[in-house]
Amino acid sequence: MTRVRSFLSQPLVKWGLAGILVAFLAIVPMLAIDIPGVFPGPTYTPGTLQLLAFSMLIASLALSYHLIFGVAGLLSFGHALYFAIGAYGLGITLRHFGLELLPAIVVTFVAGLFVAAAVGALSLRVTGISFAMVTLAFAQAGSVLVRKNPGKLTGGDEGLALDTTHVPDFFIGVLQTKNLYWLCLGVLVLVFLVTSWFERSRAGHVVAATRENELRVRVIGIRPYFVKLLTFVIGGVLATLVGMAYLLLQSSATQKLVSADFTLTLLVIVVLGGVGYRWGAVIGGIVYTFLDQRLTAFASSDAVSGLPDILRVPLSQPLFILGTLFILVVLFLPGGIAGVGARLSRSRMRADEPRTVLEELT
Amino acid sequence: MSDPILSVRGLSARIAGQQVVEDVTFDVPATGVTALLGRNGVGKTSTIKGVLGLIERRGEVTFRAGGSAVRLDRLRTHRIVQLGIGYVPEDREVFSKLTVAENLRLAERSSDPRREFVAELFPDLVARSNQLAGTLSGGQQQMLSLGRALINTNTLLLVDEPTKGLAPIIVSEVAAALAEAAKTVPVLLVEQNLQVVRQLATDSIVIEGGRVVHTGPAAQLLDDEDMIRRFLGVHGETTGAGATA
Amino acid sequence: MSTVILLLITGLGLGALYFLVASGLSLIYGLMGVLNFAHGSFLTLGAFAGWELARRTGADNWLSFVASVLLGAVVGAVFAALTELLLIRRLYERHIEQVLVTVGLALSSVALFDGIWGTDPVYVSGPSWMGGTTDVFGASIPNNRFVLILAAVLVLLGIVLFLKYTRFGLIIRAGVENRSMVTALGIDVRRAFTVVFAIGGAAAGIGGVLAASYYGYVSSSIGGSLLIFAFIVTVIGGLGSLSGAAIAAALVAVLQQFANFYLGGTGDFVVVLLLAVVLLVRPSGLLGSKA
């Protein structure tokens with residue numbers, strides 16, 4: 001058993017397994033896997049592919065938030081802003097500026113980079129709860145901006161539909177869902193690779209050490225401000241990237257994307273998956289999306305509508321169930337889904353001490 | 001010899017995950033003043049805070065009062081204090097936005113507080129009872145901090161560096177108040193000023209690197225220049241704020 | 001001139017609402033270090049409870065209005081106290097988890113309100129005087145603004161007196177400054193936690209009933225939208241400072257009204273800007289103690 005474990009924990013094997021998983025996910029649109037109750041239909045159908053692609057985007061977004069909250073320990077309440085910049089930015093540059101897809105992506109990316117750098121530089125001057133508040137306030141400003149619909153750019157309450165004039169044909173239409181699926185899989189892989197690379201980089205180690213003990217990092221002579229800012233900006237632009245893929249997949253952006261509730265949802269996902277675990281964020285994102293989707297179907301099912309009010313009312317609200325589940329996880333399952341997995345798989349092995357990052361630095 | 005009032009066995013304590021006290025074992029006799037000594041940063045304050053459960057701790061801490069033994073390491077701080085343990089923290093920790101009277105009122109644990117006793121010991125506090133504690137001088141704050149502990153009838157006093165940073169005249173006032181209190185209650189005293197230790201302490205415990213390295217009668221330690229230099233890193237006769245031999 | 005007076009008094013009315021939410025947030029944060037995301041739900045539940053009572057007792061009389069305000073306070077207080085006892089207390093001293101639990105509670109309670117009362121706004125009416133206006137130096141001021149301001153002043157006064165003259169008040173004031181020293185004096189500070197939650201919940205519940213009359217409707221999102229501004233008010237005023245919350249609430253709301261009127265509806269931006277400036281110049285807020 002231990003030999004299996006040590007075999008599995010070798011980096012080459014790990015990456016090999018991840019590669020096989022990605023390859024499998026890539027051929028899913030060709031297969032006819034049907035899990036009743038989880039998928040709305042077999043995996044080659046557009047509905048299921050759409051849901052899978054959507055869950056991968058949420059997983060990617062959760063990963064980008066994991067960098068900020070899980071790795072750097074920064075409790076940002078404004079992460080939805082950068083995602084919304086991606087979705088709205090691409091939508092606006094395509095519709096109102098008439099750019100081709102690629103230049104539009106570049107412009108949106110730069111916009112996300114700029115806003116993340118500016119907001120990060122300002123808000124990181126304060127810490128803790130004040131930091132959370134400033135990020136929340138900036139996201140709120142973004143939300144107001146979207147709602148106010150300046151120059152009819154954002155579409156206000158109506159939302160902003162994707163203008164397909166400059167989008168290649170293979171991304172348009174229900175029949176092309178598998179291409180969008182591959183795009184979203186690509187985004188997930190890219191975000192995962194960037195996140196892994198960053199966590200292994202020197203900056204990643206420094207920022208993790210800062211989370212554990214900022215004073216000791218200062219003593220070594222490193223100014224934590226810049227690594228925190230770097231992490232914040234990388235997390236932000238990754239979210240922008242995911243936002244752009246979201247627009248292509250969903251064909252529209254709505255003001256829900258920039259709401260404080262959406263950031264809270266991300267927080268819920270990361271905690272459900274397990275704070276500090278990269279895989280946790282991915283699994284949390286996917287599990288959350290499916291739960292949300294399935295619970296919505298469950299809520300409107302006959303099984304629920306036949307129940308007496310006292311059961312029917314709460315069960316017909318997916319967010320009530322998710323919120324309650326979240327509370328239970330925080331109370332009874334610190335470490336979330338990934339934490340449980342990690343505990344099971346190394347129940348007799350020495351626990352990974354996150355504090356060792358400091359020793360690596362000194 | 002009678003049972004010690006407090007027995008500490010294998011106490012370890014951590015602050016923010018950092019080990020600050022390791023496997024400390026000592027007894028506090030049921031009478032007199034026991035000085036807890038050691039250089040700066042060896043874990044004296046953390047030992048006291050560990051006994052009180054103010055920081056994360058492990059190990060056995062047994063408190064014997066009125067014939068029964070209570071395991072303090074299983075109790076929360078407020079329960080420990082309610083057993084009759086008065087605490088005077090390092091740096092006084094008075095509530096600066098509360099008045100002197102409010103600070104004292106907050107500390108009263110019984111329906112029969114010893115207000116007259118405190119008023120006699122520290123007449124200055126009576127005169128300033130409506131003043132915000134934050135506007136008091138360091139010496140006055142120390143008296144308030146002592147007053148907060150002494151307003152209750154205690155079975156043990158934990159006093160952490162009561163003379164730190166005070167002018168010599170205040171130091172002797174504080175020492176006199178402690179001597180008065182020690183007539184009726186055993187005291188565990190952390191103190192850097194060896195003059196004060198000499199004046200008050202009956203027993204001594206020396207901590208170094210988070211561990212106990214010496215125990216014995218205070219006089220024996222204080223008369224041994226070599227031990228003082230080794231354990232405390234000072235000359236016994238020249239230490240303390242303005243103390244002279 | 002009459003516009004200025006209208007904006008000023010309407011701003012103070014809105015500020016009163018902010019204060020009713022922010023006062024509890026600030027006390028809770030000050031004493032326990034918990035940023036309470038469920039605070040908006042205390043308000044919303046208070047608002048719905050008040051509406052339920054008013055519609056059963058005939059909304060158009062003062063007795064029923066006062067009763068619904070009181071019911072809002074009680075419901076808010078009970079909800080808040082239960083939150084502290086059942087959820088927050090289990091996570092003693094684990095601040096991030098405590099915040100997360102309140103986030104979960106906010107999400108699930110709003111969903112539950114949706115399930116019970118529907119997602120559409122429920123329109124409310126009060127005593128007819130509340131819907132009328134009063135002339136102040138030529139400005140027609142909606143009467144409910146005066147009720148809001150009066151309620152906020154009474155709540156402020158009540159909390160101040162409570163803090164000043166009761167044992168719990170003493171413990172809370174001391175605990176905001178140095179919680180561990182309070183326990184070191186033999187006081188179970190956790191009982192004070194329940195009390196501040198109940199006080200904050202009561203103020204929010206009152207705020208809920210009055211917010212319903214200010215906006216003219218109740219909806220499950222009413223608390224959440226006020227909560228964000230209450231957070232901003234709390235931070236600008238200085239976390240843990242009651243008078244800071246009062247000053248910041250008035251300042252933020254009045255500024256918001258004026259910017260909305262004179263600067264083309266930019267009130268929310270000006271508030272965010274103010275928050276950014278305050279945090280950068282004075283990170284501890286206007287009346288915060290420690291940086």
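**View 1. Helices α11 and α12 of chain A in a right-handed crossing.** A crossing is called right-handed if the near helix is turned clockwise from the far one by less than a right angle. That is how α11(A) passes α12(A) in this predicted model. Helix α11 covers residues 260–273 and helix α12 covers residues 278–299, and their axes come within 7 Å, crossing at roughly 120°. On the α11(A) side, look for A:Thr265, A:Val268, A:Ile269, A:Leu272 and A:Gly273. Facing them from α12(A) are A:Gly280, A:Ala281, A:Gly284, A:Gly285 and A:Tyr288. Sort that set by class and you get 5 nonpolar residues, 5 polar ones and no charged ones.

**View 2. A:Thr289, a residue of helix α12 in chain A.** Is this threonine buried or exposed? A:Thr289 has a relative accessible area of 5%, and buried means under 20%, so it counts as buried. Who touches it, once neighbours within four places in sequence are left aside? The contacts of A:Thr289 are then A:Leu51, A:Phe54, A:Ser55 and A:Ile58.

**View 3. Helices α5 and α6 of chain A, another right-handed pair.** From α5(A), the contact takes in A:Val119, A:Leu122 and A:Ser123. The α6(A) contribution is A:Phe131, A:Val134, A:Thr135 and A:Phe138. The class tally for this contact is 5 nonpolar and 2 polar residues, with no charged ones.

**View 4. A:Ser251, a non-glycine residue with positive phi.** Zoom in on the loop between α10 (224–250) and β2 (252–253) of chain A, and A:Ser251 is there. Its phi is near 65°.

**View 5. C:Phe137, a positive phi in chain C.** C:Phe137 isn't a glycine either, yet its phi is about 45°. This phenylalanine lies in the loop between β2 (133–136) and β3 (139–142) of chain C. Is its side of the story buried or exposed? With a relative accessible area of 72%, C:Phe137 is exposed.

View 6. If you count contacts in chain A with a separation of 6 or more, 73% of them join residues 24 or more positions apart. The chain exposes about 16300 Å², and carbon and sulfur atoms supply 67% of that area.

**View 7. Chain B, with 10 helices and 10 strands.** For 245 residues, a compact globule would have a radius of gyration near 18 Å, and the 17 Å of chain B agrees with that. The C-alpha trace spans about 45 × 45 × 40 Å along its principal axes. In this chain, 51% of the residues count as buried. Of the contacts in chain B with a separation of 6 or more, 68% are between residues 24 or more positions apart. Chain B exposes about 10400 Å², with 48% of it supplied by carbon and sulfur atoms.

Definitions and conventions
Residues are numbered from 1 along each chain as its sequence is written. Chains are lettered from A and ligands numbered from 1 in the order in which they are written. This is a predicted model: local features need pLDDT of at least 70, side-chain atom pairs count only at pLDDT 80 or more; totals for chains, interfaces and linings use all residues. Side-chain values use heavy atoms; hydrogens and water are left out. Helices (H or I, at least four residues) and strands (E, at least two) are DSSP runs, numbered from the N terminus. Contact means heavy atoms within 4.5 Å. Ala, Val, Leu, Ile, Met, Phe, Trp, Tyr, Cys and Pro count as nonpolar, Asp, Glu, Lys and Arg as charged, and the others, Gly among them, as polar. Buried means under 20% relative accessible area, exposed over 50%, partly exposed in between (1.4 Å probe, protein chains only). The radius of gyration is taken over C-alpha atoms; the globule rule is 2.2 Å times the number of residues to the power 0.38. Accessible areas come from the Shrake-Rupley method with a 1.4 Å probe; for residues, only the protein chains shown count as cover. Axes are lines fitted to C-alpha atoms, for helices over the stretch in contact, and angles run from 0 to 180 degrees between N-to-C directions.
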